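Please keep the sequence and the 3D view at hand.

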Amino acid sequence: MSPRGESTKQKLFEATLRLATEKGLAGLTVDEIAAAAGVAKGTVYYNFGSKDGLIDALLRYGVGQLAERLRAHAAEPDPVAALESLVDTGLEFIAGHRGFSQILVSELWRTPGQWQETLSLLREDIVSIVKEQLQRVADAGRLPPGIEVPTAAAGLFGTLLVVALDWQVFQPQRSRAEVREGIMLLVRGVARQD
């Protein structure tokens, strides 16, 4: 794909995020998105086929970026430290991509959602990364017996999203380190320290 195509898609993603943050996804029109991106309406259709195609691509792109960053911590030797790094990276991503994160949270838990099928696949990708890290903690003997790793992974992912957005919207004066420590207190309450 040419750099020009990438920058056009990026403009459309950014315009969609800006508008969706202001008024939600459901009410957005292709005309509004194109105008906000400074492109012709046909450009949206050429690149994505429809508004739904644009939003689907935006969700896939954003979750792909988050997943790539979270996977970077898999090689850390201490599994609890790796989990802490994963949480910190998630907080950093959400703080840097607040509009996307708001869309992700609102669409993930809207039932039935228009993008539910796409989001189910994307959610599973992120939860599987968290699950792998928690499994490392369990394999190291640092989770108490009876903790179900898949359930704990879904819980940690949900906690991370909600706490991070709460931080951004209601407690922006708190540092990322303070928020990370609050989440990690929950994890450390379950994970045994060596």
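## Domains and overall layout

The domain assignment of the protein gives domain 1 (1-49) and domain 2 (58-190); such bounds come from an automatic or database domain assignment. The C-alpha centres of domain 1 and domain 2 lie 27 Å apart. Their contact takes 7 residues from domain 1 and 8 residues from domain 2, where contact means heavy atoms within 4.5 Å.

This is a predicted model: local features need pLDDT of at least 70, side-chain atom pairs count only at pLDDT 80 or more, and totals for chains, interfaces and linings use all residues. Residues are numbered from 1 along each chain as its sequence is written, and side-chain values use heavy atoms, with hydrogens and water left out.

The protein has 9 helices and 0 strands. Read from the N terminus, the elements run α-α-α-α-α-α-α-α-α. Helices (H or I, at least four residues) and strands (E, at least two) are DSSP runs, numbered from the N terminus. The C-alpha trace spans about 60 × 35 × 35 Å along its principal axes.

Of the 194 residues, 44% count as buried. Buried means under 20% relative accessible area, exposed over 50%, and partly exposed in between (1.4 Å probe, protein chains only). Among contacts with a separation of 6 or more, 69% come from residues 24 or more positions apart.

## Two helix pairs

Helix α4 (residues 51-71) packs with helix α7 (residues 116-139) at an angle of about 5°. Their axes are 10 Å apart. α4 and α7 are therefore roughly parallel to each other. The α4 side of this contact includes Asp56, Leu59, Arg60, Val63 and Leu66. On the α7 side, Thr118, Leu119, Leu122, Asp125, Ile126 and Ile129 take part. By class, the contact of α4 with α7 has 9 nonpolar, 1 polar and 4 charged residues.

Helix α5 (residues 79-96) and helix α6 (residues 98-108) pack at about 105°, with axes 5 Å apart. α5 and α6 are therefore roughly perpendicular to each other. Phe93, Ile94, Ala95 and Gly96 of α5 make the contact with Arg98, Phe100 and Ser101 of α6. Here the contact residues divide into 4 nonpolar, 2 polar and 1 charged.

Some terms need their limits. Axes are lines fitted to C-alpha atoms, for helices over the stretch in contact, and angles run from 0 to 180 degrees between N-to-C directions. Angles under 35 degrees count as roughly parallel, over 145 as roughly antiparallel, 65 to 115 as roughly perpendicular and the rest as oblique. Ala, Val, Leu, Ile, Met, Phe, Trp, Tyr, Cys and Pro count as nonpolar; Asp, Glu, Lys and Arg as charged; the others, Gly among them, as polar.

In α6, 8 of the 11 residues are buried, so α6 is largely enclosed by the rest of the structure. The buried residues are Gly99, Phe100, Ser101, Ile103, Leu104, Val105, Glu107 and Leu108.

Helix α8 (residues 149-170) has 22 residues. From its first C-alpha to its last, α8 reaches 30 Å, close to the 32 Å expected at 1.5 Å a residue. The expected span is 1.5 Å times one less than the number of residues. Buried residues of α8 include Val149, Ala153, Leu156, Trp167 and Gln168.

| Residue | Relative accessible area | State |
|---|---|---|
| Valine 130 | 2% | buried |
| Glutamine 168 | 15% | buried |
| Alanine 57 | 22% | partly exposed |
| Glutamate 68 | 53% | exposed |

The contacts below leave out neighbours within four places in sequence.

Valine 130 sits in helix α7. Valine 130 is in contact with Leu86, Ala153 and Leu156. The C-alpha atoms of valine 130 and leucine 156 are separated by 7.7 Å, though 26 residues apart along the chain.

Glutamine 168 is found in helix α8. Its contacts are Ala95 and Arg98.

Alanine 57 lies in helix α4. Alanine 57 touches Phe13 and Phe48. Alanine 57 and alanine 75 are 18 residues apart in sequence and 29 Å apart in space, C-alpha to C-alpha.

Glutamate 68 also lies in helix α4. Glutamate 68 and isoleucine 129 are 61 residues apart along the chain, and their C-alpha atoms are separated by 9.7 Å.
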